[in-house]
Amino acid sequence: MSKPDILLIGPYPEWDLVELEAQYTVHKLYEAADRDAFIRDNAATIRAIATRGELGASAEIIAALPKLEIISVYGVGFDAVNLDAARNRGIRVTNTPDVLTNDVADLGVAMMLVQSRGMIGAETWVRDGSWEAKGLYPLKRRVWGRKAGVLGLGRIGFEVAKRLKGFDMDIAYSDVTEKSYADGMTYIADPVELARHADFLFVTLAASAATRHIVNAKVIEALGPEGMLINISRASNIDEDALLAALEGGKLGSAALDVFEGEPKLNPRFLALENVLVQPHHASGTVETRKAMGKLVRDNLAAHFAGATLPTPVI
Ligand code: 8YV
(Lines give C-alpha, C1' and ligand atoms only; values in the text may rest on other atoms or scores of the structure.)
Protein backbone atom coordinates (compact mmCIF):
# COMPACT_ATOMS: atom_id res chain seq x y z
CA MET A 1 0.00 0.00 0.00
CA SER A 2 1.35 3.45 -0.80
CA LYS A 3 2.04 5.83 2.04
CA PRO A 4 -0.47 8.66 2.59
CA ASP A 5 0.91 12.13 1.81
CA ILE A 6 1.09 14.66 4.61
CA LEU A 7 2.03 18.33 4.67
CA LEU A 8 4.33 19.32 7.51
CA ILE A 9 3.85 23.04 8.13
CA GLY A 10 6.86 23.64 10.39
CA PRO A 11 9.80 21.53 11.62
CA TYR A 12 9.37 18.75 14.20
CA PRO A 13 12.22 17.19 16.18
CA GLU A 14 14.27 14.68 14.18
CA TRP A 15 12.89 11.75 16.22
CA ASP A 16 9.37 12.61 15.07
CA LEU A 17 10.40 13.19 11.48
CA VAL A 18 11.99 9.75 11.29
CA GLU A 19 8.78 8.14 12.57
CA LEU A 20 6.56 10.20 10.28
CA GLU A 21 8.67 9.43 7.23
CA ALA A 22 8.41 5.72 7.95
CA GLN A 23 4.62 5.92 7.63
CA TYR A 24 3.95 8.82 5.29
CA THR A 25 5.28 10.72 2.33
CA VAL A 26 6.14 13.95 4.14
CA HIS A 27 6.05 17.25 2.25
CA LYS A 28 7.99 19.89 4.20
CA LEU A 29 6.38 23.23 3.58
CA TYR A 30 8.98 25.06 5.68
CA GLU A 31 11.74 24.01 3.27
CA ALA A 32 9.94 25.30 0.17
CA ALA A 33 11.33 28.45 -1.45
CA ASP A 34 7.93 29.21 -2.99
CA ARG A 35 5.25 27.99 -0.57
CA ASP A 36 2.28 28.63 -2.88
CA ALA A 37 3.90 26.76 -5.75
CA PHE A 38 4.86 23.93 -3.39
CA ILE A 39 1.29 23.57 -2.17
CA ARG A 40 -0.06 23.73 -5.74
CA ASP A 41 2.40 21.05 -6.90
CA ASN A 42 1.42 18.62 -4.11
CA ALA A 43 -2.24 19.51 -3.56
CA ALA A 44 -3.58 16.53 -5.50
CA THR A 45 -2.11 14.00 -3.06
CA ILE A 46 -2.01 15.63 0.41
CA ARG A 47 -4.51 14.00 2.78
CA ALA A 48 -3.24 15.29 6.13
CA ILE A 49 -1.58 18.31 7.69
CA ALA A 50 0.78 17.98 10.64
CA THR A 51 1.32 21.38 12.22
CA ARG A 52 2.32 23.08 15.46
CA GLY A 53 0.17 24.97 17.94
CA GLU A 54 1.35 28.42 16.96
CA LEU A 55 1.47 27.68 13.20
CA GLY A 56 -1.95 26.09 12.82
CA ALA A 57 -3.55 25.86 9.38
CA SER A 58 -5.09 28.86 7.65
CA ALA A 59 -8.29 28.93 5.60
CA GLU A 60 -6.11 29.47 2.51
CA ILE A 61 -4.05 26.33 3.05
CA ILE A 62 -7.15 24.28 3.82
CA ALA A 63 -8.86 25.60 0.66
CA ALA A 64 -5.79 24.78 -1.44
CA LEU A 65 -5.85 21.09 -0.44
CA PRO A 66 -8.90 19.38 -1.97
CA LYS A 67 -7.98 15.93 -0.62
CA LEU A 68 -7.39 17.08 2.96
CA GLU A 69 -8.97 14.83 5.61
CA ILE A 70 -7.27 15.65 8.90
CA ILE A 71 -5.17 18.33 10.62
CA SER A 72 -3.06 17.03 13.50
CA VAL A 73 -1.77 19.78 15.80
CA TYR A 74 1.42 19.36 17.83
CA GLY A 75 0.18 21.51 20.72
CA VAL A 76 -2.88 21.88 22.89
CA GLY A 77 -3.85 25.24 21.37
CA PHE A 78 -5.69 25.04 18.06
CA ASP A 79 -6.57 28.73 17.78
CA ALA A 80 -4.36 29.09 14.68
CA VAL A 81 -6.35 26.42 12.82
CA ASN A 82 -9.29 27.82 10.92
CA LEU A 83 -11.88 25.51 12.47
CA ASP A 84 -14.77 26.83 10.38
CA ALA A 85 -12.92 26.05 7.17
CA ALA A 86 -12.15 22.55 8.46
CA ARG A 87 -15.66 21.94 9.76
CA ASN A 88 -17.28 23.04 6.49
CA ARG A 89 -15.34 20.34 4.65
CA GLY A 90 -15.72 17.62 7.32
CA ILE A 91 -11.97 17.76 7.98
CA ARG A 92 -11.00 16.36 11.38
CA VAL A 93 -8.73 18.35 13.74
CA THR A 94 -6.75 16.88 16.64
CA ASN A 95 -4.47 18.39 19.30
CA THR A 96 -2.17 17.19 22.10
CA PRO A 97 -3.85 17.97 25.44
CA ASP A 98 -2.84 16.62 28.87
CA VAL A 99 0.67 15.46 27.95
CA LEU A 100 2.01 19.03 28.19
CA THR A 101 -0.07 20.39 31.07
CA ASN A 102 2.46 19.92 33.87
CA ASP A 103 5.42 21.31 31.95
CA VAL A 104 3.50 24.41 30.92
CA ALA A 105 2.41 24.95 34.52
CA ASP A 106 6.00 24.43 35.72
CA LEU A 107 7.34 27.08 33.38
CA GLY A 108 4.65 29.55 34.39
CA VAL A 109 5.52 29.16 38.06
CA ALA A 110 9.24 29.26 37.30
CA MET A 111 8.74 32.53 35.41
CA MET A 112 6.98 34.02 38.43
CA LEU A 113 9.84 33.03 40.72
CA VAL A 114 12.62 34.09 38.38
CA GLN A 115 11.03 37.44 37.70
CA SER A 116 9.93 38.24 41.24
CA ARG A 117 13.31 37.37 42.73
CA GLY A 118 15.21 39.10 39.90
CA MET A 119 17.23 36.01 39.08
CA ILE A 120 18.26 37.07 35.56
CA GLY A 121 19.69 40.34 36.90
CA ALA A 122 21.24 38.46 39.81
CA GLU A 123 23.05 36.13 37.41
CA THR A 124 24.46 39.16 35.58
CA TRP A 125 25.39 40.72 38.95
CA VAL A 126 27.65 37.75 39.64
CA ARG A 127 29.05 37.35 36.14
CA ASP A 128 29.88 41.02 35.46
CA GLY A 129 31.68 41.48 38.76
CA SER A 130 29.03 43.72 40.34
CA TRP A 131 28.84 41.46 43.39
CA GLU A 132 32.50 41.99 44.12
CA ALA A 133 32.54 45.66 43.09
CA LYS A 134 29.21 46.87 44.48
CA GLY A 135 28.23 44.31 47.11
CA LEU A 136 24.73 43.14 47.85
CA TYR A 137 22.22 42.65 45.04
CA PRO A 138 19.15 44.94 45.28
CA LEU A 139 16.28 43.44 47.27
CA LYS A 140 13.40 41.86 45.39
CA ARG A 141 9.80 40.92 46.20
CA ARG A 142 8.75 37.65 47.85
CA VAL A 143 6.43 35.15 46.24
CA TRP A 144 5.17 32.89 49.02
CA GLY A 145 2.07 33.94 50.88
CA ARG A 146 1.08 36.59 48.34
CA LYS A 147 -2.01 36.78 46.14
CA ALA A 148 -2.36 34.98 42.84
CA GLY A 149 -5.04 35.20 40.18
CA VAL A 150 -5.49 32.49 37.58
CA LEU A 151 -7.38 33.61 34.50
CA GLY A 152 -8.76 30.39 33.01
CA LEU A 153 -8.96 27.42 35.38
CA GLY A 154 -8.70 24.69 32.76
CA ARG A 155 -6.15 21.91 32.85
CA ILE A 156 -3.11 24.20 32.81
CA GLY A 157 -4.61 26.84 35.10
CA PHE A 158 -5.52 24.16 37.60
CA GLU A 159 -1.97 22.79 37.64
CA VAL A 160 -0.59 26.30 38.10
CA ALA A 161 -2.94 26.83 41.06
CA LYS A 162 -1.97 23.47 42.55
CA ARG A 163 1.68 24.48 42.48
CA LEU A 164 0.94 27.92 43.95
CA LYS A 165 -0.71 26.28 46.95
CA GLY A 166 2.74 24.94 47.78
CA PHE A 167 3.82 28.57 48.17
CA ASP A 168 0.94 29.23 50.59
CA MET A 169 -0.52 31.74 48.20
CA ASP A 170 -4.03 33.17 48.40
CA ILE A 171 -5.47 31.96 45.09
CA ALA A 172 -8.43 33.30 43.13
CA TYR A 173 -9.50 32.41 39.62
CA SER A 174 -11.75 33.56 36.87
CA ASP A 175 -13.51 31.42 34.29
CA VAL A 176 -16.83 31.38 32.46
CA THR A 177 -18.31 29.33 35.29
CA GLU A 178 -17.34 28.47 38.85
CA LYS A 179 -15.45 25.16 38.98
CA SER A 180 -16.38 22.37 41.38
CA TYR A 181 -12.74 21.25 41.52
CA ALA A 182 -11.43 24.65 42.64
CA ASP A 183 -10.88 23.66 46.26
CA GLY A 184 -9.62 26.47 48.46
CA MET A 185 -9.72 29.02 45.65
CA THR A 186 -11.94 32.08 45.41
CA TYR A 187 -14.04 32.54 42.29
CA ILE A 188 -13.96 36.08 40.92
CA ALA A 189 -15.83 36.17 37.61
CA ASP A 190 -14.69 39.60 36.42
CA PRO A 191 -11.08 39.63 35.15
CA VAL A 192 -10.68 43.27 36.31
CA GLU A 193 -11.66 42.31 39.86
CA LEU A 194 -9.42 39.24 39.67
CA ALA A 195 -6.51 41.47 38.68
CA ARG A 196 -7.31 43.90 41.49
CA HIS A 197 -7.12 40.97 43.92
CA ALA A 198 -3.84 39.62 42.54
CA ASP A 199 -0.16 40.34 42.98
CA PHE A 200 0.55 37.76 40.25
CA LEU A 201 -1.93 37.23 37.41
CA PHE A 202 -1.49 34.07 35.35
CA VAL A 203 -3.09 33.95 31.91
CA THR A 204 -3.92 30.30 31.21
CA LEU A 205 -6.92 30.60 28.91
CA ALA A 206 -7.37 28.65 25.70
CA ALA A 207 -7.31 31.41 23.10
CA SER A 208 -10.27 32.03 20.81
CA ALA A 209 -12.03 34.97 19.18
CA ALA A 210 -14.01 35.33 22.43
CA THR A 211 -10.91 35.72 24.61
CA ARG A 212 -9.05 38.13 22.31
CA HIS A 213 -7.62 40.99 24.43
CA ILE A 214 -9.49 39.76 27.50
CA VAL A 215 -6.51 41.18 29.37
CA ASN A 216 -7.09 44.79 28.33
CA ALA A 217 -5.89 48.13 29.70
CA LYS A 218 -8.40 47.97 32.57
CA VAL A 219 -7.24 44.52 33.70
CA ILE A 220 -3.60 45.57 33.42
CA GLU A 221 -4.15 48.76 35.40
CA ALA A 222 -6.10 46.85 38.06
CA LEU A 223 -3.08 44.58 38.49
CA GLY A 224 -1.15 47.76 39.11
CA PRO A 225 2.38 49.11 39.61
CA GLU A 226 3.29 46.31 42.05
CA GLY A 227 1.62 43.53 40.03
CA MET A 228 3.07 40.93 37.68
CA LEU A 229 1.40 39.49 34.58
CA ILE A 230 2.47 36.00 33.52
CA ASN A 231 1.37 34.70 30.11
CA ILE A 232 1.81 31.04 29.16
CA SER A 233 -1.22 30.91 26.84
CA ARG A 234 -1.39 32.96 23.64
CA ALA A 235 -0.41 36.54 22.92
CA SER A 236 -3.88 37.25 21.55
CA ASN A 237 -5.34 36.98 25.06
CA ILE A 238 -3.55 40.23 25.95
CA ASP A 239 -3.80 43.68 24.41
CA GLU A 240 -0.08 43.95 23.74
CA ASP A 241 -0.11 47.69 23.04
CA ALA A 242 -1.84 48.32 26.36
CA LEU A 243 0.64 46.00 28.07
CA LEU A 244 3.66 47.77 26.59
CA ALA A 245 2.26 51.20 27.46
CA ALA A 246 1.60 50.09 31.07
CA LEU A 247 5.06 48.56 31.47
CA GLU A 248 6.73 51.64 29.99
CA GLY A 249 4.65 54.04 32.05
CA GLY A 250 4.92 52.20 35.36
CA LYS A 251 1.21 51.36 35.54
CA LEU A 252 2.13 47.67 35.63
CA GLY A 253 5.01 46.43 37.74
CA SER A 254 6.35 43.65 35.54
CA ALA A 255 5.54 40.86 33.12
CA ALA A 256 6.83 37.39 32.38
CA LEU A 257 5.89 36.31 28.86
CA ASP A 258 6.35 33.11 26.89
CA VAL A 259 4.23 34.24 23.92
CA PHE A 260 4.18 37.33 21.70
CA GLU A 261 2.21 38.80 18.82
CA GLY A 262 4.05 37.98 15.59
CA GLU A 263 6.46 35.65 17.38
CA PRO A 264 9.28 34.82 16.93
CA LYS A 265 9.69 38.44 15.78
CA LEU A 266 8.58 40.36 18.83
CA ASN A 267 7.90 44.03 19.27
CA PRO A 268 11.35 45.57 20.00
CA ARG A 269 9.79 47.70 22.75
CA PHE A 270 9.76 44.57 24.91
CA LEU A 271 13.54 44.25 24.64
CA ALA A 272 14.08 47.82 25.80
CA LEU A 273 12.27 47.10 29.08
CA GLU A 274 13.97 45.85 32.23
CA ASN A 275 10.73 44.81 33.94
CA VAL A 276 9.94 42.06 31.44
CA LEU A 277 11.11 38.46 31.41
CA VAL A 278 10.96 37.18 27.84
CA GLN A 279 10.86 33.49 26.94
CA PRO A 280 10.81 31.87 23.47
CA HIS A 281 7.42 30.06 23.60
CA HIS A 282 8.88 26.95 25.18
CA ALA A 283 6.52 26.17 28.05
CA SER A 284 5.96 22.67 26.62
CA GLY A 285 9.61 22.41 25.61
CA THR A 286 10.97 19.42 27.49
CA VAL A 287 12.24 16.28 25.82
CA GLU A 288 9.69 14.17 27.69
CA THR A 289 6.68 16.28 26.78
CA ARG A 290 7.70 16.96 23.21
CA LYS A 291 8.19 13.22 22.65
CA ALA A 292 4.70 12.58 24.04
CA MET A 293 3.27 15.35 21.84
CA GLY A 294 4.92 13.89 18.74
CA LYS A 295 3.56 10.45 19.56
CA LEU A 296 0.06 11.83 20.01
CA VAL A 297 0.24 13.63 16.67
CA ARG A 298 1.19 10.31 15.04
CA ASP A 299 -1.38 8.30 17.00
CA ASN A 300 -4.12 10.62 15.78
CA LEU A 301 -2.96 10.34 12.17
CA ALA A 302 -2.61 6.56 12.42
CA ALA A 303 -6.09 6.20 13.95
CA HIS A 304 -7.55 8.33 11.17
CA PHE A 305 -5.95 6.34 8.38
CA ALA A 306 -6.97 3.07 10.07
CA GLY A 307 -10.57 4.26 10.37
CA ALA A 308 -10.32 4.07 14.16
CA THR A 309 -11.49 6.49 16.87
CA LEU A 310 -9.23 9.54 17.15
CA PRO A 311 -7.46 9.67 20.55
CA THR A 312 -7.72 13.45 21.02
CA PRO A 313 -10.14 15.06 18.56
CA VAL A 314 -11.00 18.75 18.54
CA ILE A 315 -13.58 18.27 15.79
C1 8YV B 1 3.65 24.63 20.74
C2 8YV B 1 1.76 25.33 22.08
O3 8YV B 1 2.86 23.84 19.97
O4 8YV B 1 0.59 23.53 23.04
C5 8YV B 1 0.52 24.62 22.47
O6 8YV B 1 -0.55 25.15 22.20
O7 8YV B 1 1.71 26.46 21.72
C8 8YV B 1 3.07 24.68 22.12
O9 8YV B 1 3.09 23.46 22.76
C10 8YV B 1 5.04 24.14 20.76
O11 8YV B 1 5.80 25.20 21.12
C12 8YV B 1 5.52 23.58 19.45
O13 8YV B 1 5.65 24.55 18.51
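Visitor: Hi! What should I know about the model and its numbering?
Guide: It is a predicted model, where local features need pLDDT of at least 70 and side-chain atom pairs count only at pLDDT 80 or more, while totals for chains, interfaces and linings use all residues. Residues are numbered from 1 along each chain as its sequence is written, and side-chain values use heavy atoms, with hydrogens and water left out.

Visitor: Great. At what angle do α1 and α13 pack?
Guide: Helix α1 (residues 14-23) and helix α13 (residues 287-306) pack at about 20°, and their axes are 10 Å apart. Helices here are DSSP runs (H or I, at least four residues) and strands are E runs of at least two, numbered from the N terminus. Axes are lines fitted to C-alpha atoms, for helices over the stretch in contact, with angles from 0 to 180 degrees between N-to-C directions.

Visitor: So what do we call that arrangement of α1 and α13?
Guide: The two are therefore roughly parallel; that label covers angles under 35 degrees, with over 145 roughly antiparallel, 65 to 115 roughly perpendicular and the rest oblique.

Visitor: Which residues of α1 meet α13?
Guide: W15, D16, E19 and L20 of α1 do, and their partners in α13 include R290, K291 and R298. Contact means heavy atoms within 4.5 Å. Ala, Val, Leu, Ile, Met, Phe, Trp, Tyr, Cys and Pro count as nonpolar, Asp, Glu, Lys and Arg as charged, and the others, Gly among them, as polar.

Visitor: And how do α5 and α8 cross?
Guide: The axes of α5 and helix α8 (residues 155-165) come within 8 Å and cross at roughly 50°. That makes α5 oblique to α8. Among the contact residues are V104, V109 and M112 of α5 and I156, V160 and L164 of α8. The classes there are seven nonpolar, two polar and four charged.

Visitor: Switching topic: where is the cis peptide bond?
Guide: From E263 to P264, with omega near 10°. P264 sits in the loop between β11 (254-257) and α12 (268-271).

Visitor: Which residue other than glycine has a positive phi?
Guide: D98 has one, near 70°, and D98 lies in the loop between β5 (92-94) and α5 (101-116). Most residues other than glycine have a negative phi, and most peptide bonds are trans.
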